[in-house]
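Biologist: Please show me the model. I want to ask what lies behind each term you use.

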Amino acid sequence: MAILSDYTEGDNQAQQLKPVENTQEKEDENQEKTQKELDTSSCSLAPKEEEEEEENKKLKPNKFNGLDVENYTWGQTLQDVTINVFVPPGTKSRFLAVDIKNNFIKVGLKNQPPIVEGELLEPVKADECFWSLEDQKQVTILMTKRNQSDWWKSLFKGGPEIDTQKAEPEPSRLSELDLETRSAVEKMMFDQKQKTLGKPTSDEIQNQDMVKKIMEENPEIAKHFANSSANANCKGGMPNVRMMPSGGMLGMR
């Protein structure tokens, strides 16, 4: 009888302990789950923080849409790049060593380490590049861009970067262009900025406005597109259609 009594008491104690053990296991599982969620959240935020950090590293361009560095300065328009390299006062042209290639430049004095040397961020037209010695203390290099639709964020690959969204064309240069060319340049600059910001280009905005106008004038067409599955893929609630030059709709894409 004593043995049976001891067994029953031990069994009851085990049963009483089981709920405590189960509760502890659930707490451990919840803590582990919470930690995993925190880790996942941190991972998802990391890329955004890295992008913001990279943006903050970009420098404000100088008044020539370039950058002032210790031994040289550079500026740009959409068509060309100008570099001013500082040399010792009294330098003669015959003492200079200037090498300009499509993707590379080197400037300095003969038989001495180069003052400026590096691989260009983008290619230039070497046969349309020129250099001159100014006041025997500065070498000025004018290079024609091969791609004349983008701003350079840096002169050399791996060099300090500028914020190209703050680059501005020279008003005097724009005013010298004929109306058609000026409009094309301004449109190109606007589209480039819109793409950088992830916004629609001028052609896409015009397309959306035309579609909106057609929808307003033709309620039945608007109703048809509103009920179609393609409407789910449209930007700003507008159907993704191609426009004919006359202004009519060619069809859905």
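**Sheet, cores and helices**

Modeller: Start with an open sheet of five strands, in the order E1-E2-E3-E8-E7, with antiparallel pairing. The model is predicted: local features need pLDDT of at least 70, side-chain atom pairs count only at pLDDT 80 or more, and totals for chains, interfaces and linings use all residues. Residues are numbered from 1 along each chain as its sequence is written, and side-chain values use heavy atoms, with hydrogens and water left out.

Biologist: What makes E1 and E7 the edge strands?

Modeller: Strand E1 (67-68) and strand E7 (130-134) each pair on one side only. Two strands pair if DSSP finds at least two bridges between them. Strands and helices are themselves DSSP runs, numbered from the N terminus: at least two residues of E for a strand, at least four of H or I for a helix. The chain has five helices and 10 strands.

Biologist: How do you know that E1 and E2 pair?

Modeller: Two bridges join E1 to E2. The definition asks for at least two, so E1 and E2 count as paired. They run antiparallel. E1 and E2 form a hairpin with three residues between them.

Biologist: And what makes E2 and E3 a pair?

Modeller: Strand E2 (residues 72-76) and strand E3 (residues 80-86) share five bridges, in the antiparallel sense. Tyr 72 has Val 85 in E3 as its bridge partner. A hairpin through three residues joins E2 to E3.

Biologist: Why is E2 called mostly covered?

Modeller: Five of its five residues are buried. Buried means under 20% relative accessible area; exposed means over 50%, and partly exposed lies in between (1.4 Å probe, protein chains only). Tyr 72, Trp 74 and Gln 76 point one way from E2, while Thr 73 and Gly 75 point the other way. In the chain of 253 residues, buried ones make up 25%.

Biologist: Why is Leu 59 called partly exposed?

Modeller: Its relative accessibility is 37%. That value falls between the cut-offs, so Leu 59 is partly exposed. Leu 59 sits in the loop between helix H1 (2-57) and E1. Leu 59 touches Leu 67, Pro 160, Glu 161, Ile 162 and Asp 163, not counting residues up to four places away in sequence. Contact here means heavy atoms within 4.5 Å.

Biologist: What makes a set of residues a nonpolar core?

Modeller: The members are buried Ala, Val, Leu, Ile, Met, Phe, Trp, Tyr and Cys residues, joined through side-chain atoms within 4.5 Å. The largest core has 24 residues; Trp 74, Ile 83, Met 143 and Leu 155 touch the most other members. E2, E3, strand E4 (96-100), strand E5 (104-109) and strand E8 (138-144) each give two or more residues to this core. Another core, of five residues, lies apart from it, with Leu 78 and Trp 151 among them.

Biologist: Why are H3 and H4 called roughly perpendicular?

Modeller: The axes of helix H3 (residues 179-197) and helix H4 (residues 202-217) come within 9 Å and cross at roughly 85°. Angles of 65 to 115 degrees count as roughly perpendicular, under 35 as roughly parallel, over 145 as roughly antiparallel and the rest as oblique. H3 and H4 are therefore roughly perpendicular to each other. Axes are lines fitted to C-alpha atoms, for helices over the stretch in contact, and angles run from 0 to 180 degrees between N-to-C directions.
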